[in-house]
Amino acid sequence: MLNRTGDTFLALLIGTAIGVGIGILFAPDKGTTTRQKIKDTFDESGEDVLIKFNDVVSTIQNKATDAKASLEETLKEMASEGSYKTEELITLLEQKLKILKEENAKFQK
């Protein structure tokens, strides 16, 4: 979704720049004034792209931080569940060992 937003923004930005450029070229101004207007338009567009880029980078960083926190929480939960399951397994094995010892004691007599 992030890529589609960036593509849409870029297309809008390019379309705006082309439209402004064509409008300026057909305006009845001196060449120096027209060139200055074109330069100003591209400077503003560059600033807009930089702002949008910084927003995208910030969004990606936030999502990565959230994903890392979520992963850490999931790993903690899995470790806790694993520890609980380990305790259950040890208890079961101790019970089985007790039964085997009792049966073995019967054969020793």
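**Before selecting.** This is a predicted model, in which local features need pLDDT of at least 70, side-chain atom pairs count only at pLDDT 80 or more, and totals for chains, interfaces and linings use all residues. Residues are numbered from 1 along each chain as its sequence is written, and side-chain values use heavy atoms, with hydrogens and water left out.

**The whole protein.** Display the protein as a cartoon: its secondary structure comes to 2 helices and 0 strands (DSSP runs, H or I of at least four residues for helices and E of at least two for strands, numbered from the N terminus). Of its 109 residues, 6% are buried (buried is under 20% relative accessible area, exposed over 50%, partly exposed in between, with a 1.4 Å probe and protein chains only).

**Helix α1.** Select residues 2–25, which form helix α1 and include L10. L10 counts as partly exposed because its relative accessible area is 44%.

**Helix α2.** Next, select residues 31–108, the extent of helix α2, where K39 lies. K39 is partly exposed, since its relative accessibility is 46%.

**E44.** E44 is classed as exposed because its relative accessible area is 51%.
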